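Please keep the sequence and the model in view while going through them.

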Amino acid sequence: MSAATRLRAAGAASSTDEVVAGRRRRNRHRAIVTVAIAGAVLLVFAVTLMVGQTWYSPDQVVRVLLGERVPGASFTVGELRLPRAVLGVLAGFAFGIAGVTFQTILRNPLASPDIIGISAGASAFAVLGIVLLSLSGAAVSAIALGGAVLTAAAIYLLANRRGFAGTRLILIGIGVAAVLQSVISYALSKAAEWDLQTAMQWISGSLNGATWGQILPLALATAVLVPVLLAHGRRLGVLQLGDDAAAALGVRVRTTRIVAILAAVALLAFATAASGPIAFVAFMSGPIVARLAGPGGSLLLPAGLFGALLVLVADLVGQFAFDSRYPVGVITGVLGAPYLVLLLIRANRSGGSL
Amino acid sequence: MTESRRLAASAVTLGYGDRLVVDALDLDVAPGRITAIVGANGCGKSTLLKALARLIAPRAGEILLDGKALAKQPSREIARVLGLLPQSPIAPEGIAVADLVGRGRHPHQRLLARWSRHDTEAVAAALEATGIADLADRAVDELSGGQRQRVWIAMALAQETDILLLDEPTTFLDVAHQIEVLDLLTDLNRERGTTIVMVLHDLNLAARYADELVAVRDGRVHAKGAPAEVISPELVEAVFGLASLVIEDPVSGSPLVLPNGRHHVR
């Protein structure tokens, strides 16, 4: 071995160690952030079960969860607070993971399904189904799914003139969202009895009156679709490098994109059918988690967890922080709107290419 | 490295919409050598490279890898043999150099398999070979254009393919960085025996760095061979529609094309 090769081998070995160290550091950071968010979800979940008009101790809550009969608590915690908290977690997770899937594939934080009208599509069809066709239960989920898929297809076809991603898709999506909002308003105005709670749910999302019957379709969809999305995490990471680079790395670009988008749209539709389109959760989770977890890894799981956290916290705030109670979507809407304005200002400053 | 893999185009016809760009073109890529594809704008050279990389499907004919049609092989398996540096890849915001280079390992990884020791070694070797080992933890978007191009080449190296295709790897680089990139590719070819096929705009750099020059005109191979044998005023006239003088490059001994414009000519 010549001196030069030896030197080189030593150099290569040390740089291998550095690569390992850097990678491990970034992975550990991402893991810590993910675990911390998951811990926060558990904590807020527990708090949601304990607080309310009546305070129940952790001991009483645990006994209810284990199936014991506790006078008072069994009804309040078991029948009211538990479904509410479970719906919050599932819907928040669905919005978070679906949002970051869209943002990753379309390479734009504005391209989240609640901004480009997909949530509004699910919501509009659900309301039409309830008001005009008197649907309920799983049928509402089904028609919401149909609405979300149709909306996504319409936006795709309208935007797919020259190339797929881009500002055009977002602008068309915002237009489609506006149309669908008016459809929701129209349908609500046709409702037989004017129910403010219901109206609020379909406009901005709410966990009020959550029932197990509402949760079941969403829970099943989560069990099927979340693994599908998580299995695509690494491929989505490669897709971020551009279609040509991804294809050269052996990713089937079109299949990956269609499967991931469809899974995200379906998950979003089931969540919307259960809780209404909780404002801006899909939009905010991904970018916030990207900042916390750092770049380079898949954001799907942490974004889902963050969505769940956001919904639980916002619901607590909406219920107890003010004199009157507000649905969760009003609180997330107040949080999300300034962020949207900020993004638009920043996009404009950088020359309009979003 | 074992016997080099063979890439060839057999009577391929390529086009976009109803426009034909490449018409029944045959090309055998010389294994273990550096091939430069040159030609005027719109002659089909980039389209040809895209087809070789299976990014566009031929209308007729086939791209063959070791004699077997690319279309009939699984994409992931092709990606272990055939790498591509596209013209404008996108670096995700804030991504670290080592992580971006690590994406080059994708075709070697299974769905649930952990990142292996060999993956890390391939990334480290790619960083080392491109001279960016000290940038491993830096964010790609903080780097200069020349450094960034090295990162992308490092990603393609980490893919550990026998054949590497590059679509204008020197665009947007200043002259020093252009030479640097081409020297790097030459090292790679000589040390690892990697077959390199690149589209180059600069005829003189192509003449200097390529073992084999492929001049494309109107979607066909107009001339092919060692630069010294192929490049002549007639070829430049036919392929670029430009009058020129061809002399011997005093630095490299390869042909040097001196264009005859309308102005500043003695």
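**Notes on the core, the contact and the confidence**

1. The largest nonpolar core has 193 residues, and those with the most contacts inside it are A:Ala94, A:Leu267, A:Leu268, A:Phe270, B:Val101 and B:Leu127. Such a core is a set of buried Ala, Val, Leu, Ile, Met, Phe, Trp, Tyr and Cys residues joined through C-beta atoms within 7 Å, where buried is said of a residue with 20 or more other C-beta atoms within 10 Å of its own, the C-beta atoms being placed from the backbone. Helix α3 of chain A (residues 73-105) supplies the largest share of this core, 16 residues; helices here are DSSP runs (H or I, at least four residues), numbered from the N terminus.

2. This is a predicted model, in which local features need pLDDT of at least 70 and side-chain atom pairs count only at pLDDT 80 or more, while totals for chains, interfaces and linings use all residues. Residues are numbered from 1 along each chain as its sequence is written, and chains are lettered from A and ligands numbered from 1 in the order in which they are written.

3. Leaving aside residues up to four places away in sequence, A:Phe270 touches A:Ala94, A:Ser141, A:Leu145, A:Pro217, A:Leu218 and A:Ala221, contact being C-beta atoms within 7 Å.

4. The contact between the chains takes 28 residues from chain A and 34 residues from chain B. On the side of chain A that touches chain B, α1(A) gives the most, with ten residues.

5. The mean pLDDT (the predictor's confidence in each residue, from 0 to 100) of chain A is 87, and 91% of its residues reach 70 or more. Over residues 1-7 of chain A, however, pLDDT stays under 50.

Conventions:
A residue is buried if 20 or more other C-beta atoms lie within 10 Å of its own, exposed if 12 or fewer, and partly exposed in between; C-beta atoms are placed from the backbone. Helices (H or I, at least four residues) and strands (E, at least two) are DSSP runs, numbered from the N terminus. Two residues are in contact if their C-beta atoms, placed from the backbone, lie within 7 Å.
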